[in-house]
Amino acid sequence: MGVEAAVTVTTVDEVRIVQAVGEFDPDSDESLAQALVPTADRPTGTVLDLAKVTFADSAFLHTLLAAKAEHDRAGVPFVLTQLPPVVERLLTLTDVARAFDLTGDIRAAVTLIRSRGDAADRQ
């Protein structure tokens, strides 16, 4: 048996950091989906840290795509970071990796989001 799915949410420099840990399947994706809903307090953006995800299936992919669409509608950046091989493979095989902003670490993701906020402020 693998690691049970868990989701934590923190805020760093007005950017919401969602960390997913463990095995995600249709039974466990709901907690992730809820954590990824853009919030009313209008954070600068959302970073999804996937470093500790050990299993992801098509339901997980659907959760990511739905979160991306919700963030796009709300005008809030959504960045995936620290993709483990299982998630990278899922995004590559389904040809949706290009739909997401991807970074190698949380700091780079926060910097990307903050730079987008700065650019929007200048317009």
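T46 lies in strand β3 of a model that is predicted rather than determined by experiment. At 0% relative accessibility, T46 counts as buried, where buried means under 20% relative accessible area, exposed over 50%, and partly exposed in between (1.4 Å probe, protein chains only). Helices (H or I, at least four residues) and strands (E, at least two) are DSSP runs, numbered from the N terminus.

**Basis of the model**

- Residues are numbered from 1 along each chain as its sequence is written, and side-chain values use heavy atoms, with hydrogens and water left out.
- Because this is a predicted model, local features need pLDDT of at least 70 and side-chain atom pairs count only at pLDDT 80 or more, while totals for chains, interfaces and linings use all residues.
- The protein chain has an average pLDDT of 90, and 92% of the residues score at least 70; pLDDT is the predictor's confidence in each residue, from 0 to 100.
- Confidence in the protein chain is highest in β4, at 98, and lowest in helix α4 (residues 106-122), at a mean of 79.

- The side chain of T46 makes a polar contact of 3.1 Å with that of R16 and one of 2.9 Å with that of H71.
- A polar contact is a pair of N or O atoms within 3.5 Å; within protein, one must be able to donate a hydrogen and the other to accept it, and residues adjacent in sequence count only if both atoms are side-chain atoms.
- Leaving aside neighbours within four places in sequence, the residues in contact with T46 include V18, L36, V76, P77, F78, V79 and I113; contact means heavy atoms within 4.5 Å.
- V47 is also placed in strand β3, and V47 counts as buried at 0% relative accessibility.
- Beyond its neighbours within four places in sequence, V47 is in contact with residues that include V15, I17, A109 and V110.
- V47 and Q34 are 13 residues apart in sequence, and their C-alpha atoms are 14 Å apart in space.

**Nonpolar cores**

- In soluble globular proteins, nonpolar side chains tend to be buried together.
- A nonpolar core is a set of buried Ala, Val, Leu, Ile, Met, Phe, Trp, Tyr and Cys residues joined through side-chain atoms within 4.5 Å.
- The largest nonpolar core has 22 residues, and those with the most contacts inside it are L32, L48, L50, V53, F60, L80 and L91.
- At least two residues of this core come from each of β2 (15-24), α1 (29-35), β3 (45-56), α2 (58-74), β4 (78-81) and α3 (85-93).
- V53 is in contact with A20, G22, F24, F60, P84, V86 and V87, leaving aside its neighbours within four places in sequence.
- A second, separate core of seven residues includes V15, I17, A109 and V110.

**Helix α2**

- Helix α2 has 17 residues and reaches 24 Å from its first C-alpha to its last, close to the 24 Å expected at 1.5 Å a residue; the expected span is 1.5 Å times one less than the number of residues.
- At the start of α2, a side-chain oxygen of D57 comes to within 3.1 Å of the backbone nitrogen of A59.
- The buried residues of α2 are F60, L61, T63, L64, A67, K68 and H71.
- Seen down the axis of α2, these buried residues fall within an arc of 155°, so they line one face of the helix; the arc is that of the directions from the helix axis to the C-beta atoms.
- On the other side of α2, S58, H62 and R73 are exposed.
- β2, α1, β3, β4 and α3 are the elements against which the buried residues of α2 pack.
- T63 has a relative accessible area of 9%, and T63 is in contact with D29, L32, A33 and L36, leaving aside its neighbours within four places in sequence.

**The loop after α2**

- G75 lies in the loop between α2 and β4 and takes a positive phi of about 70°.
- G75 is exposed, with a relative accessible area of 58%.
- The C-alpha atoms of G75 and T44 are separated by 9.6 Å, although these residues are 31 apart along the chain.

**Helix α3**

- The buried residues of α3 are V87, L90 and L91.
- Viewed down the axis of α3, its buried residues fall within an arc of 95°, so they line one face of the helix.
- P85, R89, T92 and L93 are exposed on the other side of α3.
- The buried residues of α3 pack against β3, α2, β4 and β5 (101-103).
- D95 follows α3 and has a positive phi, near 60°.
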